[in-house]
Amino acid sequence: MSSLLQVAGWSILPDLLTRHTLSFIYQTVFKFLHRSPPLQGSPVYARHYRYTYTTVVLGYLLYNFVAASTALPKNFYQLLDVRPDTADNNELKVAFRAFAKKYHPDRVGPQGEAYFIQVRDAFEALKDPVVRFAYDRFGPDVLRWKECNTMKEYLRRGLLSSLAYHVMAGAGLVLVSMIGKPSPIAMWRYLLFAVTLALELHLLLALSSQVTEQSPFVDHIPTSGTLFDPLFPRRVAYQHIQLLRNVFLFLSIALSRVAPVLFPSMMRSDSVVDQQMTKAVAERLGTLAKLTERELSIMQNVTLNAILDSSDSEGISTEASELPNRLDDDVMRLLTDAMEDILIESRLKSEAGPMRSAWDRAVERRKQQMKLERHVSSVVPSLGHVSGENSDPKGQEIPLISSVRRRSLRARSVSL
């Protein structure tokens, strides 16, 4: 949550602080020097605003660095009050005994039990040289990696975990570069990302100056330190990596905020290129709109031709101008009736009770009736030489399906 607030602060605080700081300078310093402040919008005011804005951003950047550094939780060595580069197993035992005499739950009460257990777990982890090697580089998460036994296994697991972060960070940089306009800041962000990755690999793979003892699971004995050890002698590699990632995030945001204000000429794009890009995008959107209109016209004409008789339709038209001429009163009435029937049927099917049971029985009876009609229709042609084809005993024609019935069935199928 604090990281989100810090990122949100970058979009609000620099401009707000710059305006108030510049106003304060004009009202105090310029008044003391008996000079009139420049008019807003003048070249002098723009220059003062750039310098003040850059100073505010650098100050806010420094504040974020200090806040991120002090917000890091204590490592196991700091809990035991020993130095990571000099503490061996004997010194760890002495430090834990001294801690237990002072902070044991029997002395401080139940409220100190959680803190005592935390320090005890730290002592147990640091006694094992393999776990200590992995903890220094990847943090307390290694205590849950029960499948790892050697340094190489811990190192392989930790590198895979770090790879996920860098893949996501790189994908985020590419996405930001694709969304916005081409900018020289993108190159600096990629360079900063590469430097961060190189420093993190240095911290993970470099030999540390910590004292370790011989063990059948230890692959080698580290003998040298990292670049950050002189700056933070009581911290270990995983804390340096956390701070390094925060620095990468804050520097990326600061570059995006400072460069357009401090170097406006670099950020100003070519108007001719912008016009060409805008024209190309507009032409592409126009083409897509025409294709969409054509497809809609085809779908509507297909719908109307499905409702009409085959004798009334002369093929499917793709012209939208012909559509209104086909919407006569009969077609609209058929569509309206079919849609009303569908709404009623959907409502009946969705509700349980007597109406649903009656609906199911009616559907079953209709199925049986249609089955009987198909059987009769297959028998009637064979009797045509006796009583005349498609005629009843009275000599009248048997209309199998009328034109209106065909249209209604088609309207229902299209509406469904």
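This briefing covers salt bridges, aromatic pairs, surface patches and backbone features of one structure.

The structure is a predicted model, in which local features need pLDDT of at least 70 and side-chain atom pairs count only at pLDDT 80 or more, while totals for chains, interfaces and linings use all residues. Residues are numbered from 1 along each chain as its sequence is written, and side-chain values use heavy atoms, with hydrogens and water left out. Helices are DSSP runs (H or I, at least four residues), numbered from the N terminus. Buried means under 20% relative accessible area, exposed means over 50%, and partly exposed lies in between (1.4 Å probe, protein chains only).

**Salt bridges**

- The structure holds five salt bridges, a salt bridge being a side-chain nitrogen of Lys or Arg within 4 Å of a carboxyl oxygen of Asp or Glu.
- Another salt bridge is formed by Arg157 and Glu147, whose closest N and O atoms are 2.2 Å apart; Arg157 lies in helix H8 (residues 151-179) and Glu147 in the loop between helix H7 (129-138) and H8, so the pair ties together parts that are 10 residues apart in sequence.
- Arg157 is partly exposed at a relative accessible area of 31%, and Glu147 is partly exposed at 49%.
- Lys127 and Glu124 also form a salt bridge, with the closest N and O atoms 3.3 Å apart, and both residues lie in helix H6 (residues 113-127), three residues apart, which is about one turn of the helix.
- Lys127 counts as partly exposed at 33% relative accessibility, and Glu124 counts as partly exposed at 43%.

**Aromatic pairs**

- The structure holds 16 aromatic pairs, where rings of Phe, Tyr and Trp (its six-membered ring) pair if their centres lie within 6.5 Å, and planes under 30 degrees apart count as stacked, over 60 as edge-to-face and the rest as tilted.
- The rings of Tyr60 and Tyr63 have their centres 6.1 Å apart and their planes at 25 degrees, so this pair is stacked.
- Both Tyr60 and Tyr63 lie in helix H2, three residues apart, about one turn of the helix, yet Tyr60 is buried, with a relative accessible area of 11%, while Tyr63 is exposed, with a relative accessible area of 53%.
- Elsewhere, ring pairs link Phe96, Phe99, Tyr103, Tyr115, Phe116 and Phe123 into a cluster.

**Surface patches**

- Patches are made of residues with over 30% relative accessible area and no salt bridge, with like charges joined within 9 Å and nonpolar side chains (Val, Leu, Ile, Met, Phe, Trp, Tyr) joined within 5 Å; accessible areas come from the Shrake-Rupley method with a 1.4 Å probe, and for residues only the protein chains shown count as cover.
- Lys93, Arg97, Lys101 and Arg107 gather in a patch of positive charge on the surface, to which H4 gives the most, with three residues.
- Leu255 is placed in helix H10 (residues 237-262) and is partly exposed, with a relative accessible area of 33%.

**Backbone features**

- His34 has a positive phi of about 60 degrees although it is not a glycine; this residue is placed in the loop between helix H1 (2-32) and helix H2 (43-70) and counts as exposed at 75% relative accessibility.

Conventions: Helices (H or I, at least four residues) and strands (E, at least two) are DSSP runs, numbered from the N terminus. Lys and Arg count as positive and Asp and Glu as negative; His and the chain ends are not counted. The place of a charge is taken as NZ of Lys, CZ of Arg, CG of Asp or CD of Glu.
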